[in-house]
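Colleague: I have a few terms to check with you. Please show me the model, and then I will ask how each label was reached.

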Amino acid sequence: MTATRSPDDRGTSDRQGAAVAHESTRDALRRALGTRARRWLLAITLLAGVLAAVALTAAADPADRTFAALSDTVQSLMSVLTPLFGILLVRDLRRAPDAVRVGPTLVAVGLPAVVIGVFGVVVCAVTLALAPADIADQPWRHAGTVAVGGVLVQVVAGLVGTGLGLLLRSPVVAFLATIVLPLGLYGLLGGVDALRPAQAWLTPYGSVRNLLSGEMSALRWVQWLTVLLVWGVGLNAAGAALLWRRRRSYR
């Protein structure tokens, strides 16, 4: 005869499952920056942002010394390295037991992404405020939208890293793909006049330019959400399904 679990037993089981899920997420967050190599990667990424901000402020024309112009270059440059954190987290996932889920890894990649995005906002603001030369007439125009946009840019970049890391076994190939695929699609769509409007709908770089300009409309927010669905949700859903199928075939 099969024993029937009481409501108390089911409640205990549910609490234990929630605790396991919490621990998995906590462990993934710890791994996001938990090694010396990853902390060095973070330091190099942030240093690149600082150097870019200082160089741009010193070399740009006064009309181009704005928070939006600085953020465009600084956040875009740092977003090249942000996917590496997602790729490294996925490499950890591949080495983990079959029971480990993809979800905590997707949450964990947000930690370095947000740190990089917020740091970029602070660096651009401080550099512009301390600029020794002339600056534009309205240097802080759309500053709030640009600041939010900078963080969102890094979050999408991190999710692109996890998605391609799940789809491609080699971390090196996955990292190169995070550069070649988005920019390749952007250039391909831009090469045909009829397809150029699709850049903002289908490519991360198209939405980055809008976000970091600060000139966002309802339509442009919808375009960014579409890019998030394609490159953030779609890539990771496909990668998680592929990982699950590979694990099942190994059993």
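**Labels and their cut-offs**

Modeller: The protein exposes about 13,300 Å², and carbon and sulfur atoms supply 66% of that. Accessible areas come from the Shrake-Rupley method with a 1.4 Å probe; for residues, only the protein chains shown count as cover. This is a predicted model, in which local features need pLDDT of at least 70, side-chain atom pairs count only at pLDDT 80 or more, and totals for chains, interfaces and linings use all residues. Residues are numbered from 1 along each chain as its sequence is written, and side-chain values use heavy atoms, with hydrogens and water left out.

Colleague: Why is T127 called buried?

Modeller: Buried means under 20% relative accessible area, exposed means over 50%, and partly exposed is in between (1.4 Å probe, protein chains only). T127 has a relative accessible area of 15%, so T127 is buried. T127 sits in helix α6. Leaving aside residues up to four places away in sequence, T127 touches A53, V54 and T57.

Colleague: And A129, buried or exposed?

Modeller: A129 is at 56% relative accessibility, so A129 counts as exposed. A129 too is in helix α6 (residues 110–129). A129 and W140 are eleven residues apart in sequence and 9.8 Å apart in space, C-alpha to C-alpha.

Colleague: How do you know that helix α4 is mostly covered?

Modeller: Helix α4 (residues 82–95) has 14 residues, and eleven of them are buried. Among them are F85, L88 and D92. Of the 251 residues of the protein, 41% count as buried.

Colleague: Which other residue joins R31 and D92 in one network?

Modeller: R38 and D92 also form a salt bridge (2.9 Å, N to O). R38 lies in helix α2 (residues 36–59) and D92 in helix α4, so the pair ties together parts that are 54 residues apart in sequence. Both R38 and D92 are buried. Salt bridges that share partners join R31, R38 and D92 into one network.

Colleague: How many salt bridges are there in the whole structure?

Modeller: A search finds five. One of them links the side chains of D27 and R30 (2.8 Å, N to O). D27 and R30 are three residues apart in helix α1 (residues 7–32), so about one helical turn separates them. D27 has a relative accessible area of 33%, so D27 is partly exposed.

Colleague: Why are α8 and α10 called roughly perpendicular?

Modeller: Angles under 35 degrees count as roughly parallel, over 145 as roughly antiparallel, 65 to 115 as roughly perpendicular and the rest as oblique. Axes are lines fitted to C-alpha atoms, for helices over the stretch in contact, and angles run from 0 to 180 degrees between N-to-C directions. The axes of α8 and helix α10 (residues 204–213) cross at roughly 80 degrees and come within 8 Å. The two helices are therefore roughly perpendicular. P182, L183 and Y186 in α8 meet P204, Y205, G206 and R209 in α10.

Colleague: What makes a nonpolar patch of V80, V172, L176, I179, V180, L183 and Y205?

Modeller: Patches are made of residues with over 30% relative accessible area and no salt bridge: like charges are joined within 9 Å, nonpolar side chains (Val, Leu, Ile, Met, Phe, Trp, Tyr) within 5 Å. The seven named residues together have about 590 Å² of accessible area. Helix α8 (residues 171–190) gives the largest share, five residues.

Definitions and conventions:
A salt bridge is a side-chain nitrogen of Lys or Arg within 4 Å of a carboxyl oxygen of Asp or Glu. Helices (H or I, at least four residues) and strands (E, at least two) are DSSP runs, numbered from the N terminus. Contact means heavy atoms within 4.5 Å.
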